Amino acid sequence: MEFETWQLLVIPLFFALGWLAARIDIHQVVKESRVVPTSYFRGLNYLLNEQPDQAIEAFLEVARLDPDTLELHFALGALFRRRGELERAIRIHQNLVDRSNLKQDQRLKALYELGQDFLKAGLLDRAEDIFKKLEAGPHALDALRNLLDIYVLEKDWQQAIAIAERLEKMGSPCQKADTAHYYCELALNEMLRKDMDAAHRHLDQALNINRKAVRASQLQGDLAAQVGDDETAIGHWRRIEQQNVTYLPVVAERLLNAYRRLGRPLEGVELLKSYLSRQPSADLFHILFNSVAENHDWTAAERLAGEALKRQPGLRVLDDYLQARTAGVGADLEIKMTQDLVHRQVSRIAYYQCVHCGFKAHQFFWQCPACAAWDGIAPERKESE
Ligand SMILES: [Zn+2]
């Protein structure tokens with residue numbers, strides 16, 4: 001192989017090129033680091049040292065020095081809202097909206113963020129105005145969801161129904177179960193105004209949109225019972241067994257009372273017994289137990305509770321059983337003390353609970369007071385450990 005002199009130059013040339021490339025990179029980094037304000041690095045440093053308040057102040061300074069750092073403004077605004085510092089969040093987002101040099105998509109994004117700030121601050125009218133402006137465009141779906149929340153908060157059920165329909169058409173997850181509740185709320189308003197025809201109409205609409213709307217059947221029964229038509233009321237309430245068997249405790253007492261008014265109390269008792277044989281429920285049992293106990297038939301009540309205790313052991317059924325034992329003749333002091341203890345414990349630990357947020361209540365609600373989810377609270381009380 002023949003060696004040529006010029007080949008001696010190849011190695012130094014590579015070295016020279018490498019050195020040049022390194023210098024260019026270093027120059028670039030130094031140049032860029034001069035462009036980024038020192039507050040930015042200070043902010044990062046605070047973040048790394050888990051000092052969020054100081055980090056926010058440093059980033060705010062960056063935002064003041066360089067108003068073009070849009071993403072930083074958005075990040076800070078969202079952070080303030082999450083921390084509940086709503087005035088600061090509103091100020092940042094309002095400033096963005098007011099800028100004249102913002103592109104249309106950035107302005108819409110700022111407007112959407114501002115709407116969320118107002119919503120969280122409870123300024124519903126201002127939030128509503130903003131979300132209405134966003135009904136068409138890239139934020140349409142989210143704007144409509146927020147509008148729906150606003151109308152539910154304001155109890156404007158007609159508007160809520162209209163928005164839910166639009167959301168369904170836009171491919172949002174099924175709104176039918178919630179919409180049935182909006183119709184039930186409308187029916188309740190009409191019942192208060194004594195316009196029973198309008199109430200019936202709304203309940204029919206609720207069942208048309210969701211045939212499993214338990215609450216609509218319950219209210220239809222209530223309407224019939226109000227005018228003394230217990231037979232029809234029983235028909236509506238009994239339909240709940242097909243709609244959702246777990247909701248039977250909600251209407252069990254109504255059923256027993258209606259059968260009693262019709263002079264057929266035993267029919268009601270037998271119906272509840274048949275429900276219980278298919279669907280164990282301490283709440284349903286307690287209603288049945290009370291009904292038997294009201295007639296002071298303590299022997300029957302004790303037998304009933306004893307059998308239930310074997311099928312479904314639990315403190316609440318034990319409470320009923322001990323009540324029957326102490327009410328009967330010959331109960332000694334020890335059993336009375338035990339019953340008192342168990343009863344107090346049951347009152348303390350039995351509660352309804354929301355499956356979405358874990359909210360606990362001693363009362364049943366169709367809509368969770370904490371997270372606003374419809375049907376979030378299970379109709380059967382739980383016993384805490
Ligand atoms: Zn909840």
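In sorting the residues of a lining, Ala, Val, Leu, Ile, Met, Phe, Trp, Tyr, Cys and Pro count as nonpolar, Asp, Glu, Lys and Arg as charged, and the others, Gly among them, as polar. The structure is a predicted model. On that scheme, the lining of the largest cavity divides into 4 nonpolar, 2 polar and 1 charged residues. The residues concerned are Leu 276, Pro 280, Ser 281, Phe 285, Ala 308, Arg 311 and Gln 312. The space in the largest cavity is about 40 Å³, and the count of cavities of 30 Å³ or more is 1.

The zinc ion has as its protein donors the SG atoms of Cys 354, Cys 357, Cys 368 and Cys 371, at 2.2 to 2.3 Å. Along the chain, these donors of the zinc ion are spaced as C-x2-C-x10-C-x2-C. The arrangement is tetrahedral because the 4 donor atoms subtend angles of 105 to 115 degrees around the zinc ion. For comparison, the ideal angle for four tetrahedral donors at a metal is 109.5 degrees.

| Residue | Relative accessible area | Class |
|---|---|---|
| Cys 354 | 3% | buried |
| Cys 357 | 40% | partly exposed |
| Ser 172 | 7% | buried |

Ser 172 counts as buried because its relative accessible area of 7% is under the 20% cut-off. Ser 172 sits in the loop between helix H9 (157-169) and helix H10 (176-192). Leaving aside residues up to four places away in sequence, Ser 172 touches Arg 145 and Leu 167.

Key. Residues numbered from 1 in each chain as written. Predicted model: local features only at pLDDT ≥ 70, side-chain atom pairs only at ≥ 80, totals over all residues. Heavy atoms only, no water. Donors = N, O, S within 2.8 Å, 3.2 Å for Na, K, Ca; no water. Tetrahedral: all angles 85-135°; square planar, octahedral: opposite > 155°, others 65-115°. Buried < 20%, exposed > 50% of the residue type's maximum accessible area, 1.4 Å probe, protein only. 1 Å grid on protein atoms, 1.4 Å probe; cavity = no way out; pocket = protein on both sides within 12 Å on 5 of 7 lines; lining within 4 Å. Points joined across faces, edges and corners; volume = space filled by probe spheres on them. Helix = DSSP H or I, 4+ residues; strand = E, 2+ residues; numbered from the N terminus. Contact = heavy atoms within 4.5 Å.
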